[in-house]
Amino acid sequence: MAIACQTIEDELKAIYNTLPDPFPIVWVESGLHNFPAQLKERIQQEIDKISGVENILLLFGYCGNSIEGLVAAQARLVVPEVEDCISLLLGGNQIRQALSRKTPAFYLTDGWLRYENNIYWEYEQSLKKYGEARSLRIFRAMFAHYSTLNFIDTGTYDLESVMSRTAEFAAKLDLKQGVVPGTLKLITKALCEEWDEDFLIVPPGVPIHINYGVVSETSQR
């Protein structure tokens, strides 16, 4: 059984559709990432509905510590050890950090642009509410520390089409558009139950506790 973020639906389905013995997936709406407390509450509600399984796979990153304290009474919780879905699609925290040191970039995929409450949607709403001049001031301030909009190429969507949608947005914010290679390695390992050092495995009845990416002593692998 899995609970997954809607943002990575394309990437997850690319692997899920090849599984010989697929299992149910519950999708959680991506807009909740803007509200970590609500995201945590929503995931816990879905966990509480599940019974009769040994493991519940949570396909999220730490996401603002929104998974902190989640607990399943009768199943193990399995979570990728990544800060967020960006790190998940890039192949891990270290790769994300190395890229960030090289280029201060804001990352996107088609999944991030597809649902409401993403950054592009917020820009469009701001245009309607405040007009272009004020919206540009707001968003240029928000993106002041970025030089690039980097699209993660996961091989699951049409890069050219997605980048054309944001080209004008990027130009008005003085951002370059770039592409970085993505990987489905961690998603594949998660779905194929290859749970190694890249995953937290938390026993039944034990809350998830994150300490800079390390499981507390009360949790076990």
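Which strand order and which pairing does the open sheet of three strands have? The order is β5-β6-β7, and the pairing is parallel. Strands are DSSP runs of E with at least two residues, helices are runs of H or I with at least four residues, and both are numbered from the N terminus. Two strands are taken to pair if DSSP finds at least two bridges between them. The model is predicted, so that local features need pLDDT of at least 70 and side-chain atom pairs count only at pLDDT 80 or more, while totals for chains, interfaces and linings use all residues. Residues are numbered from 1 along each chain as its sequence is written, and side-chain values use heavy atoms, with hydrogens and water left out.

In this three-stranded sheet, β5 and β7 stand at the edges; each has a single partner strand, so one side of each lacks a neighbour in the sheet. From one strand to the next, the twist averages 35°, where axes are lines fitted to C-alpha atoms (for helices over the stretch in contact) and angles run from 0 to 180 degrees between N-to-C directions. Strand β5 (residues 105–108) is joined to β6 by four bridges, and Tyr 107 has Asn 150 of β6 as its bridge partner. Between β6 and strand β7 (residues 176–181) there are six bridges, again in the parallel sense, with Ile 152 opposite Val 180 of β7. The chain passes from β6 through helix α8 (residues 159–172) to β7 in a right-handed β-α-β crossover; right-handed here means that, with the strands pointing away from the viewer, the path from the first strand over the helix to the second runs clockwise. Strand β6 (residues 148–153) is largely enclosed by the rest of the structure, because five of its six residues are buried. Buried denotes under 20% relative accessible area, exposed over 50%, and partly exposed the range in between (1.4 Å probe, protein chains only).

An open sheet of five strands shows mixed pairing and the order β2-β1-β3-β4-β8. Its edges are formed by β2 (25–28) and β8 (199–202), each with a single partner strand, so one side of each is without a neighbour in the sheet. The twist in this sheet averages 20° from one strand to the next. Strands β3 (residues 55–59) and β4 (residues 76–80) pair in the parallel sense over three bridges, and Leu 57 stands opposite Val 78 in β4. Helix α1 (residues 9–16) lies across β1 (2–5), β2 and β3, and runs at about 170° to β2. Helix α2 (residues 36–49) packs on the sheet as well, touching β1, β2, β3 and β4, with its direction at about 160° to that of β2.

The loop between β2 and α2 contains Glu 29, which is partly exposed at 34% relative accessibility. Leaving aside neighbours within four places in sequence, Glu 29 is in contact (heavy atoms within 4.5 Å) with Gln 6 and Arg 42. The C-alpha atoms of Glu 29 and Leu 39, ten residues apart along the chain, are separated by 8.8 Å.

With a disulfide defined as a pair of cysteine sulfur atoms within 2.5 Å, the count is zero. The closest cysteine sulfur to that of Cys 5 belongs to Cys 85, at 4.5 Å, which is too far for a bond. Cys 5 is buried, with a relative accessible area of 0%. Cys 192 is also in no disulfide, the nearest cysteine sulfur being that of Cys 85, 18 Å away; Cys 192 is partly exposed at 37% relative accessibility.
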